[in-house]
Amino acid sequence: MGWLSRFLTAVTFLAVGVIFSPESFGSKSDSHHSPKIFTYIKLAHLLCFSTAWGAAIWVTFIGGIIMFKNLPRHQFGNLQSKMFPAYFSMVGVCCAVSVASFGYLHPWKTSATTEKYQLGFLLSAFAFNLTNLFVFTPMTIEMMKQRHKVEREENIGGEVGWSKNVEVAKPCHALMVLSR
């Protein structure tokens with residue numbers, strides 16, 4: 001499927017959402033703000049939330065598994081080390097826009113309890129994503145580079161999928177230390 005057909009599919013789903021749920025896109029009016037502003041903010045929230053969710057589904061359940069099953073382990077690790085910072089950055093921006101737009105549309109003082117929970121969950125997702133981006137991803141990439149270096153010295157790590165060199169790696173003290 002080409003990029004144009006994917007784009008048209010996304011626009012079609014958005015149009016169906018507007019048709020079946022017009023109140024989500026500005027049919028309610030607030031006397032303090034233009035209904036058009038609310039429409040754009042709701043649209044930004046919807047697009048960013050759905051982009052983050054779709055990216056998470058793709059990376060976790062489709063793309064990652066296909067790459068793991070078809071790439072040699074070192075290539076897979078190197079590719080992931082390039083993809084994850086970009087992925088977490090994109091999801092971080094999407095979460096920030098979702099939190100800001102949801103917070104604007106549902107001010108804390110006038111929000112229902114469920115909306116407060118929703119905002120809390122969005123903030124948690126944003127915080128966990130930033131933790132992944134700035135703490136765990138750099139640590140993991142550095143550890144992976146060290147492990148790849150040791151594995152290349154031992155002539156292992158070129159297999160596709162799960163390591164088939166567990167027995168070869170057992171006597172290697174450097175790999176045991178890295179595995180801990």
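Helices here are DSSP runs of H or I with at least four residues, strands are runs of E with at least two, and both are numbered from the N terminus. This is a predicted model, in which local features need pLDDT of at least 70, side-chain atom pairs count only at pLDDT 80 or more, and totals for chains, interfaces and linings use all residues. Residues are numbered from 1 along each chain as its sequence is written, and side-chain values use heavy atoms, with hydrogens and water left out.

Start with the overall fold. The chain holds six helices and zero strands. Read from the N terminus, its elements run α-α-α-α-α-α. Of the 180 residues in the chain, 28% are buried. Buried means under 20% relative accessible area, exposed means over 50%, and partly exposed lies in between, with a 1.4 Å probe and protein chains only.

Take helix H2 next, residues 35-70. H2 has 36 residues and reaches 50 Å from its first C-alpha to its last. That is close to the 52 Å expected at 1.5 Å a residue. The expected span is 1.5 Å times one less than the number of residues in the helix. H2 bends by about 45° at Val-59. A bend at a residue is the angle between axes fitted to the seven residues ending there and the seven starting there. Val-59 is also one of the buried residues of H2. An α-helix has 3.6 residues a turn, so residues three or four places apart point the same way. Ile-65 also lies in H2. At 38% relative accessibility, Ile-65 counts as partly exposed. Its C-alpha is separated by 9.4 Å from that of Gly-161, 96 residues apart along the chain.

Now follow the chain into helix H3, residues 73-105. The 33 residues of H3 should span 48 Å at 1.5 Å a residue, and its end C-alpha atoms are 46 Å apart, which agrees. H3 bends by about 25° at Met-83. A proline, Pro-85, follows within four residues.

H2 and H3 pack against each other. Their axes come within 8 Å and cross at roughly 155°. Axes are lines fitted to C-alpha atoms, for helices over the stretch in contact, and angles run from 0 to 180 degrees between N-to-C directions. H2 and H3 are therefore roughly antiparallel to each other. Angles over 145 degrees count as roughly antiparallel, under 35 as roughly parallel, 65 to 115 as roughly perpendicular, and the rest as oblique. H2 passes H3 in a left-handed crossing. A crossing is left-handed if the near helix is turned anticlockwise from the far one by less than a right angle, and right-handed if clockwise. The contact of H2 with H3 divides into 23 nonpolar residues, six polar and one charged. Nonpolar covers Ala, Val, Leu, Ile, Met, Phe, Trp, Tyr, Cys and Pro; charged covers Asp, Glu, Lys and Arg; the others, Gly among them, are polar.

Phe-88 gives a local view of H3, the helix in which it lies. At 11% relative accessibility, Phe-88 counts as buried. Phe-88 and Ala-52 are 36 residues apart in sequence and 9.4 Å apart in space, C-alpha to C-alpha.

Helix H4 comes next, residues 113-153. H4 has 41 residues and reaches 57 Å from first C-alpha to last, close to the 60 Å expected at 1.5 Å a residue. H4 bends by about 40° at Phe-136, and a proline, Pro-138, follows within four residues. H3 and H4 pack at an angle of about 165°, with their axes 9 Å apart. That makes H3 roughly antiparallel to H4. Their crossing is left-handed. The contact of H3 with H4 has 16 nonpolar, 13 polar and four charged residues.

The buried residues of H4 include Leu-119, Leu-122, Asn-129, Leu-133, Thr-137 and Ile-141. Met-144, His-148, Val-150 and Glu-151 are also among them. At 12% relative accessibility, Val-150 counts as buried. Val-150 and Ala-174 are 24 residues apart in sequence and 7.1 Å apart in space, C-alpha to C-alpha. After H4 comes Asn-155, whose phi is positive, near 60°.
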